[in-house]
Every structure is written in structure tokens, then in C-alpha cells.
Amino acid sequence: MTVEYRPIVPKIKRFKILVIKIVFIVLGRAFQSASQHDEEIKREISSWRDGFTLIMKVMPDGPYMGLEKKNNMLEFKGSKLKQADLEIYFRNVESAFMIMTPQMGSHQAFAEKRMSIKGDLGIATAFTRALVIVMSVLYPEFIVKRLVKRVPPLTIKRAGLRVWLYTLGIVLGR
Amino acid sequence: MLPSYYEFHNPVKIISGNKALDNLPSELEILGAKRPMVVTDKGVAGAGLVKTFIDSFGSSGMTIGAIFDDVPPDSSSEVVEKITAIFRQNKCDSLVALGGGSVIDTAKGVNILVTENSDDLLKFSGAEVLKKKMKPLVVIPTTSGTGSEVTVVAVISDIKRNLKMPFASTYLLPDIALLDPRMTLTLPPKMTAATAMDAMCHAVESYINLQKNPMSDAYAVAAIEMIRKNILTAVSDGTNAQVRLAMANASTMAGIAFSNSMVGVVHALGHAAGGICHIPHGVAMNIFLPFGLEYNLPKCHENIGKLLLPIAGAEVYARTPESRRAEQTINYIVELRKALNDLCGLPMNLKQAGVTEDKLYEIAQAAINDPSIVMNPREMDANDALAILKKAFQ
């Protein structure tokens, strides 16, 4: 009896990819909105040159989202950017799902090499701090506490930003 | 505690011991190299080490393609481009870095340009940008501190654009790290002390930060113990070859540790202070180490406590209650700094190192953007950095 060996094409993880795509849109729009209102995020991006681009991408050919600094804010570019000045990679769909859902913080993800960076490491450090602020506004403290080394203070302004993001900020990106 | 996930990578062949240098020609041959280019500096050449190096190639049948001995203390892209041109002109096929951190980083920079067949180093700056296997690179450290012979990183200044370009890629790992005690015998006491404290910081920070893992821990602990046993003799009696070799090994082990688990606030502050006030890196490490540990105490009291064993020895560790070990670790480092200051005048604070108080704010701002802080257990903001700097000032 002869055994037939066939090539195996593993299934596409459609559900997880869909979740990642949705979180990318929420996160990107939240960044666009928060970068217009939060003083600390404004300060973090102030030294970046106008037109500076960054993308977050799931390797090898997964979803990605881009941001561009324009007029002192970060503009959400969706999947329009193919390359960027700073590229933040998620090693695979599982890693991206874990970080985006959010079961794991960016520091742990970098430590476990689930995320890597191509580009200026100083700007990447500033972006990580801005990401922590956006997450602290998006998620309640009991979740954020597990994800970051120090929870940024939820000031009255930030509480207002949270309400704004959940009502119109994410939808309008303003 | 075992991390939920970790990676560890060190493919560098370590060759260590008496007359290790004489094995270099045969090692290059194994790597397929026939015409190495040597990158070094005036200090190394002046100490007679280049002559020892050339002698080791005697009767080997190998030609040294060129020797460039003018690398400045801070490696720059201009020097990298100049060496690259010589490498191409003399049809070299491999690189040997004979020197300290600047020489090693310069050789790594040259390797990027000759491998990528480019003249623009900036294009390859950043993490994981490089995609090609490089030309054979052998590193022979002439200081015991940077660990650059086993790390994935290089930092090169772009003087024209006034920026420091960091490079991080596994392709930057040298093929061989060659440790020959003859190469560090002439290192002056103060530089011996400063570079040793750099190695100490690599090991200590790698043991307490977020990316630590059992493999890097093993290298870190072994490095610290070896430094503790040899550092004072290396400074007071530099001609002791056994002690010099031990320090070279400790530095390499510390390099392997931090290359796999990264560093933390001590390095972030050190890089910033070095960039703004031009304090030698090892001096900055010596100044900031106890303050960095003190800052991290609330987050990693237990891990700092465990370091008491390699830093102070088994007897001290056994008689110190567990709850006091972390503080004792810091005390022992403070004592070590005092001993080094007495022996060779190694500065213990920023004022002694020539920093003026008006620079502290600028250093704090630069430190929080240094990539080293990402893996530090505690999130350091500009206010925290400034508070540490004020403590370290005098």
C-alpha cells in the first residue's frame, strides 16, 4: 500500500485577524484623537519631524495600521502606508492577538520578543510611552495595571478624554 | 522565577587564554578569510599591541590586508567610511577589531557598509534593519568592560547630522571573541577600574531587568563573582596576567548576559550623561550603579538581594537576613567604589566627574528617551531621572 504525502496548507486564523483589524482601527483613531488633546502625548511627539510615519504590522503578511505626524498630531492612515520611518512588528498573529486584546503589555511583549522594532529606537521609546497613555485612557485601571509598569494618573482632563473617545473621538478621530 | 517565555542567543566562539592570539590565523582560515583588515587605535598601537598582533601572523602564510590605527575615542561615520574605502581598495575579506568599545563598534559599522555595499550608514540604523550575513569579524578586546565582542549592538556618531546612530541586529554579532591576557596588561589603573565597573553594571542590570532569563542570569552571576575576586588586584597590579584574563572573561560573560536581557536606568543615565557632558561610559556606570539599584529596590528587592552572594561572597550572604540582602548588596557596591576611588581616583559622583549642576535637567530629558530604560523594572519619568541625578551629583 502506498501512502500519499500531500502538502498541507494551514487554515487562516480569520477570527483573530478580524479582532486585530478592529483593534487597529480603534487604536489608530484613538491615537489620532488623543494626540490632539493629551498634553503628554503632544510633548512626546513634538520632536518628531512633520511627515514622520510609523506602522504597526503583524508578520509576515498580517494586518497593519499606519500613523503619520501632521500638524503636530498623529493622523490615522489605516492600511495606506506600506513602509514607514518606524515599523513596529508583531511576530505572528497569536502574539498580536495577545497584545491587542489586551492580555499582555508592550514591555513584556518586547521582553519576550513578541514585538520588534525597525527604525529609531529613541522615537520608539517615546511612542511606547504614548501608547501607555492611550491604553490607560481606553481601558479601566484594573486592566491597565497588568499591562504597564506605572499607570499614568487619570486626571480630570484624561477622564474627560476617555468620555470623548468613547462617544465621538474614536468615531470622528478628532 | 522562570519567565513565561524567553529567548537566548550567543553563537560567538570564545577563545581565551595564554597566547590565544597565535591561534587567530588558523581561526580566520576556518572562517574562509585570507586577507583580514585590522581596525585599532593609536593607544593600542602605542602600547605595542599591534606589533604583538603582527607577530602572531608570522609563518601563517596569511597577509594582513591593512591596519587602520586611527579610530577616535567616539566612533564616527566618517571614520567608518574612510576604513570602508581602504577595505575595498586593499581587497580585504574580513575584519579584526583590536581595541575597546569604539574600535569594536567602528569595525561593526565597516562590516555593515562592506556587506551591504553601501556608503550610507544611516540607512541601516535602528533595530533589525540588517538582513545579510556579514563578513567574518574577530574581536580582540583591549579593555575589559564593553562586552561589545559578544553583543548585537553598535553605536556610531554621525558628526555631520549631530546624532548617535544605534544599530541592533543579530548579524552584528562577531564570529569570534579572542581573549588574550597580553592585550589588557598595559591598560592604566583608572581605565581598568572604569571598564570593570561597566562590566559590573552589565551583569547587575541584566540580572534585575524585565528581560532576564535563567541563561543570562547564569552568565551575570558568574561575571559578578569573577569581577569581585579580581577587580582590586587588576587595578593595583595590572601586570598580573591571570587576573587580567579573569577580568576579560568576566567582561565577556557580562556582555553575553546583557546582550540577551538588556540593561536599565543605570545605562540610560550613563548614555545621557556621556552624550551631554562627555563623561567616559565606565565612569558614569560607576557613579550611577548604586543609585540605579536604590531606585529599582521597590520593584526588585528580591533579585537585588540575591546578588549579594556573587558581590560579597557566601559568608556575608549567609549571615545577612534575607530582608536585608538587597540593601547590603548596594552597600557592598558603595564600598567597592570607595576602594576604587582610593586606589586610582575613579570619580564617585557627577561633580567629581566634571558635570555642572545646570546640565542635570538636560541629562534627565535625554535619559528617558534612551532605549535602555524600556527593560528597566520601574518606569522612570523625567522627574525620577532628575531625582537620581541630584543624588548622584555630590
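The accessible surface of chain B comes to about 15,500 Å², and carbon and sulfur atoms contribute 53% of that area. This value, like the others below, is computed from a predicted model. For chain A, the corresponding accessible surface is about 9,300 Å², with 59% belonging to carbon and sulfur atoms.

Chain B is built from 15 helices and nine strands. Its radius of gyration is 20 Å, close to the 21 Å that the globule rule gives for 394 residues, so chain B is as compact as a globular protein of that length. Taken along the principal axes, the C-alpha atoms of chain B fill a box of roughly 60 × 45 × 45 Å. Of the 394 residues in chain B, 58% are buried. The contact pattern can be described by sequence separation: among contacts in chain B with a separation of 6 or more, 78% are between residues 24 or more positions apart.

The domain assignment divides chain B into domain 1, covering 13-182, and domain 2, covering 187-393. The C-alpha centres of domain 1 of chain B and domain 2 of chain B are separated by 26 Å. Contact between them involves 15 residues of domain 1 of chain B and 18 residues of domain 2 of chain B.

His202(B) is located in helix H6 of chain B, which comprises residues 189-208. With a relative accessibility of 3%, His202(B) counts as buried, because the cut-off for that class is under 20% relative accessible area. Leaving aside residues up to four places away in sequence, His202(B) touches Gly145(B), Thr146(B), Ala254(B), Phe258(B), Val263(B) and His267(B).

The second residue, Ile363(B), belongs to helix H14 of chain B, which spans residues 360-367. Ile363(B) has a relative accessible area of 0% and is therefore buried. Its contacts, again without residues up to four places away in sequence, are with Leu269(B), Ala272(B), Ala273(B), Ile276(B), Cys277(B), Val355(B) and Leu389(B). A further distance places Ile363(B) relative to Leu386(B): the two residues are 23 apart along the chain, and their C-alpha atoms are separated by 8.0 Å.

Attention now turns to chain A. This chain has seven helices and five strands. Read from the N terminus on, the elements of chain A follow the order α-α-β-β-β-β-α-α-β-α-α-α. The radius of gyration of chain A is 17 Å, close to the 16 Å that the globule rule gives for 174 residues, so chain A is as compact as a globular protein of that length. Along the principal axes, the C-alpha trace of chain A spans about 75 × 35 × 30 Å.

Buried residues account for 53% of the 174 residues in chain A. Where contacts in chain A join residues at least 6 apart in sequence, 67% of them link residues at least 24 apart. As for charge, chain A has 29 positive and 15 negative charges, whose mean positions lie 4 Å apart.

Terms used. Residues are numbered from 1 along each chain as its sequence is written. Chains are lettered from A and ligands numbered from 1 in the order in which they are written. This is a predicted model: local features need pLDDT of at least 70, side-chain atom pairs count only at pLDDT 80 or more; totals for chains, interfaces and linings use all residues. Side-chain values use heavy atoms; hydrogens and water are left out. Helices (H or I, at least four residues) and strands (E, at least two) are DSSP runs, numbered from the N terminus. The radius of gyration is taken over C-alpha atoms; the globule rule is 2.2 Å times the number of residues to the power 0.38. Buried means under 20% relative accessible area, exposed over 50%, partly exposed in between (1.4 Å probe, protein chains only). Contact means heavy atoms within 4.5 Å. Accessible areas come from the Shrake-Rupley method with a 1.4 Å probe; for residues, only the protein chains shown count as cover. Lys and Arg count as positive and Asp and Glu as negative; His and the chain ends are not counted. The place of a charge is taken as NZ of Lys, CZ of Arg, CG of Asp or CD of Glu. Domain bounds come from an automatic or database domain assignment.
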